[in-house]
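Please look through the chain below before reading the notes. The points are numbered so that each can be checked on its own.

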Amino acid sequence: MNREMTSSFLLLTFAICKLIIAVGLNVGPSELLRIGAIDVDGHFTVHPSDLASVSSDFGMLKSPEEPLAVLHPSSAEDVARLVRTAYGSATAFPVSARGHGHSINGQAAAGRNGVVVEMNHGVTGTPKPLVRPDEMYVDVWGGELWVDVLKKTLEHGLAPKSWTDYLYLTVGGTLSNAGISGQAFHHGPQISNVLELDVVTGKGEVMRCSEEENTRLFHGVLGGLGQFGIITRARISLEPAPQRVRWIRVLYSSFKVFTEDQEYLISMHGQLKFDYVEGFVIVDEGLVNNWRSSFFSPRNPVKISSVSSNGSVLYCLEITKNYHDSDSEIVDQEVEILMKKLNFIPTSVFTTDLQYVDFLDRVHKAELKLRSKNLWEVPHPWLNLFVPKSRISDFDKGVFKGILGNKTSGPILIYPMNKDKWDERSSAVTPDEEVFYLVALLRSALTDGEETQKLEYLKDQNRRILEFCEQAKINVKQYLPHHATQEEWVAHFGDKWDRFRSLKAEFDPRHILATGQRIFQNPSLSLFPPSSSSSSAASW
């Protein structure tokens, strides 16, 4: 075939592909991929190792079926071309965006008839973070890791205001949920610090949205679990970055005193305040030294036996004060003033001082230690709940001092947040009280551990915790939720459900996106083998 004939053949093939998409002939996704109907600057892969890699996640609780293909995009237009093809196909096949694969229950799965967009591994051409110091923002690709955003903004002496505890997550992934850490009491979650988004909707449209433009989509996508669009660009608000962090831990034996101090700290919003407020529950002695163990020196471990506790449960408050090297004397004075207002056990104060970037990246260091012991890639039946302030004491009695006993297989975070720092127009769901707590049971299951560390035991414990909350009428909301039925999803969203469903009908009418969340059913969906079991654990 000569060059002229080859050119004509390619043009004819391209025309046929466009016709197939335009008129919606009964051609499935496999045929569309095979004949090259989806023209992208990045690349598709069907290599077995690539398909397998996107069919597992951090949770390791489910075994989703492998997708038809994986797209490595180089631009938002690549993502849009794929979604437009899926939308125009007779089968309307699923498209799922995958970030760092840190979901728990297969939320990024696309099923055997779907395509996964690997946002975190774009080919050459994926936009790099663009910092605008004069306007105090950074534009980032939706698949960018937060740790890389931090490194880039620090080059300009700036940093995002709100974080997650773990930085090896993608921007689009956390913004599709909320993105929380100990700064949320003051700055709100990460979704409260977004100025603008570029989104590929379920129709394959690339839409820019903000407070002023396409506002309904903007707020819907933030916390929207990927249901209305794939975030390809986010404009994140910045602030001057501190140089150092004073990191303090203190212990409590009284849950009442512990929560009173936490609630007092999050009520402070002036200059004289701590910059980070978190806490965790200690139900056995080993936990305080193992969790984020880089905080404590092995030569100076915390001896819980030396601290008087009522019932075997202790509570640890974590607080930090950010500062610059030139302000070291001032920070000493401010910390002293703030600490005088608290009622912790006087002999339990532990303090360390470190670079700002090292504090933010603290969990990654713990990850490296766990990986070295082959304890990272294990099942993670995590359960994350928002608990209203009015019932947190009941939760303590029923769960921390009840269901958990005196054993756990991972850290249990607990800290309060202010509802007025969350924009109610977003899709994120929180309890209907001015102050609510995150309770995160971040457990790891071991096949050769004690009975209380095995997967089935921990999954059953999660089930018992949720049943306890339901029976006690504690109106908890799952953070990064996972529900088995649409009835449960309706209950989860509550007053936001009608708007949520309306947004789905407007921006993803054929239910193409984020089918792994199992909120809306795609007719061609096949995510999990029939033998797969369900779990009520949420992801982090």
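Where is the place of aspartate 495? Aspartate 495 sits in the loop between α16 (486-493) and α17 (497-507). Helices (H or I, at least four residues) and strands (E, at least two) are DSSP runs, numbered from the N terminus.

1. Basis of the notes. This is a predicted model, where local features need pLDDT of at least 70, side-chain atom pairs count only at pLDDT 80 or more, and totals for chains, interfaces and linings use all residues. Residues are numbered from 1 along each chain as its sequence is written, and side-chain values use heavy atoms, with hydrogens and water left out.

2. The negative patch. Aspartate 495 has a relative accessible area of 83%, so it is exposed (buried means under 20% relative accessible area, exposed over 50%, partly exposed in between, with a 1.4 Å probe and protein chains only). Together with Asp420, Asp432 and Glu434, Asp495 forms a negative surface patch. Patches are made of residues with over 30% relative accessible area and no salt bridge, with like charges joined within 9 Å and nonpolar side chains (Val, Leu, Ile, Met, Phe, Trp, Tyr) within 5 Å. Asp and Glu count as negative, Lys and Arg as positive, while His and the chain ends are not counted.

3. Salt bridges. Side chains of opposite charge can pair when their charged atoms come close. The whole structure holds 41 salt bridges, each being a side-chain nitrogen of Lys or Arg within 4 Å of a carboxyl oxygen of Asp or Glu. One of them joins arginine 132 to glutamate 135 at 3.1 Å, N to O. Both ends are partly exposed: arginine 132 has 31% relative accessibility and glutamate 135 has 44%.

4. A pair in α9. Glutamate 260 and lysine 256 form a salt bridge of 2.6 Å, N to O. Why are glutamate 260 and lysine 256 separated by about one helical turn? They are 4 residues apart in helix α9 (residues 255-266), so about one helical turn lies between them. Lysine 256 is exposed at 57%, whereas glutamate 260 is partly exposed at 39%. Elsewhere, salt bridges with shared partners join Asp139, Glu196, Asp198, Arg208, Arg233 and Arg235 into one network.

5. Helix α4. This helix (residues 76-88) has 13 residues and reaches 18 Å from its first C-alpha to its last, close to the 18 Å expected at 1.5 Å a residue. The expected span is 1.5 Å times one less than the number of residues. Among the buried residues of α4 are Ala76, Val79, Leu82 and Val83. Glutamate 77 is partly exposed at 29%, and its side chain meets that of arginine 84 in a salt bridge of 2.4 Å, N to O. Arginine 84 is partly exposed at 35%.

6. Contacts across the sequence. Phenylalanine 255, in helix α9, is buried at 6% relative accessibility. Phenylalanine 255 and isoleucine 392 are 137 residues apart in sequence and 9.5 Å apart in space, C-alpha to C-alpha.

7. Positive phi angles. Methionine 136 is not a glycine, yet it has a positive phi of about 60 degrees. Its place is the loop between β5 (130-132) and β6 (137-141). Histidine 511, also not a glycine, has a positive phi of about 55 degrees and lies in the segment after α17.

Methods: Accessible areas come from the Shrake-Rupley method with a 1.4 Å probe; for residues, only the protein chains shown count as cover. The place of a charge is taken as NZ of Lys, CZ of Arg, CG of Asp or CD of Glu.
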